Amino acid sequence: MNQNSGRIMNGEAGPRKPYLTAIKQQPITVEHQPYTPKHGDQLSDAGTARATLAVSNESSNGTTEDGYAAKHQHQTVVQQHVAYWDRDHDSIIWPQDTYIGCRDFGWGIFLSLIATMFINIGLSYPTVPGILPDPFFRIYVDRLYKAKHGSDSMTYDNQGRFRPQQFEDIFAKYDRGQKGGLDVADVWIFWNEQRMVFDFFGWTACALEWIATYLLLWPSDGIMKKEDVRSIYDGSIFFKRAEETKRKRAQAAHQKHQTSPGLVEKAKKLL
């Protein structure tokens with residue numbers, strides 16, 4: 001068989017390449033094709049991991065809002081991912097830091113406690129600088145790259161850098177219908193296909209991460225947008241959600257304050 005007869009180029013015309021991204025003899029390669037750069041794409045060197053920028057084809061310079069990327073050039077992307085919880089910038093995240101952070105971006109007491117338990121118990125020991133576990137389940141940010149697990153997208157590399165190709169592959173392969181994001185069914189397919197043999201911890205961790213992502217974003221149309229997911233990788237969305245929650249709470253308190261005097265006056269008239 002001629003090599004080019006089995007070539008599938010994402011349904012797009014373009015110059016022929018000396019390799020194949022899919023073959024019809026293995027349908028799954030046709031169904032889930034990787035991200036292939038096209039003419040006009042903003043993203044360059046997709047295969048090169050970025051130490052300090054979580055980039056995508058839509059945000060080739062990372063998160064530029066409020067100068068976020070520029071402010072975090074001293075941290076790898078995986079360190080930026082948890083920077084929101086490191087309030088005192090000592091590179092140590094205590095369980096109470098995790099709990100307060102979850103409460104601040106709008107989660108309730110019970111969900112925040114559950115999240116704190118899973119996050120600090122799961123990430124503490126891999127990041128401790130010694131052999132013995134930390135009795136307070138603290139997370140050491142400078143060693144967070146040691147907490148990388150399998151059965152996920154592999155967007156973080158083993159040193160905590162961000163790999164654009166792997167991130168783009170999530171949506172190129174699993175965004176059915178080109179919605180610009182993933183729904184629950186897409187994530188289910190992704191999770192099933194990313195599972196590595198006997199990697200029970202990785203299966204669980206990946207599932208919990210996507211559940212937490214959905215609960216944080218809580219999309220009204222059920223679709224987790226690509227750029228929102230990207231901003232979770234560099235942690236910028238946590239600061240954004242906390243600000244939104246703070247503003248909503250302030251508005252609610254203000255409305256309550258305005259309503260209270262009116263109720264008092266009505267009560268006085270009735271008496």
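This is a predicted model: local features need pLDDT of at least 70, side-chain atom pairs count only at pLDDT 80 or more; totals for chains, interfaces and linings use all residues.

Residues are numbered from 1 along each chain as its sequence is written, and side-chain values use heavy atoms, with hydrogens and water left out.

Entry 1. I found 21 aromatic pairs in the structure. Rings of Phe, Tyr and Trp (its six-membered ring) pair if their centres lie within 6.5 Å; planes under 30 degrees apart count as stacked, over 60 as edge-to-face and the rest as tilted. Phe167 and Tyr233 are edge-to-face, because their planes stand at 85° with the ring centres 5.7 Å apart. Phe167 belongs to helix 6 (residues 164–174) and Tyr233 to helix 9 (residues 226–233), so this pair ties together parts 66 residues apart in sequence.

Entry 2. I checked burial next (buried means under 20% relative accessible area, 1.4 Å probe, protein chains only). Phe167 is buried at 0%, and Tyr233 is buried at 13%.

Entry 3. Tyr174 and Phe190 also pair edge-to-face, at 5.4 Å between centres and 85° between planes. Both Tyr174 and Phe190 are buried.

Entry 4. I noted one aromatic cluster whose members include Tyr68, Trp85 and Phe239.

Entry 5. Last, I looked for charges over rings (NZ of Lys or CZ of Arg within 6 Å of the ring centre and within 35 degrees of the ring normal). Arg138 lies over the face of Trp94, 4.7 Å from the ring centre. Arg195 lies over Trp191 at 4.8 Å.

Methods: Helices (H or I, at least four residues) and strands (E, at least two) are DSSP runs, numbered from the N terminus. Buried means under 20% relative accessible area, exposed over 50%, partly exposed in between (1.4 Å probe, protein chains only).
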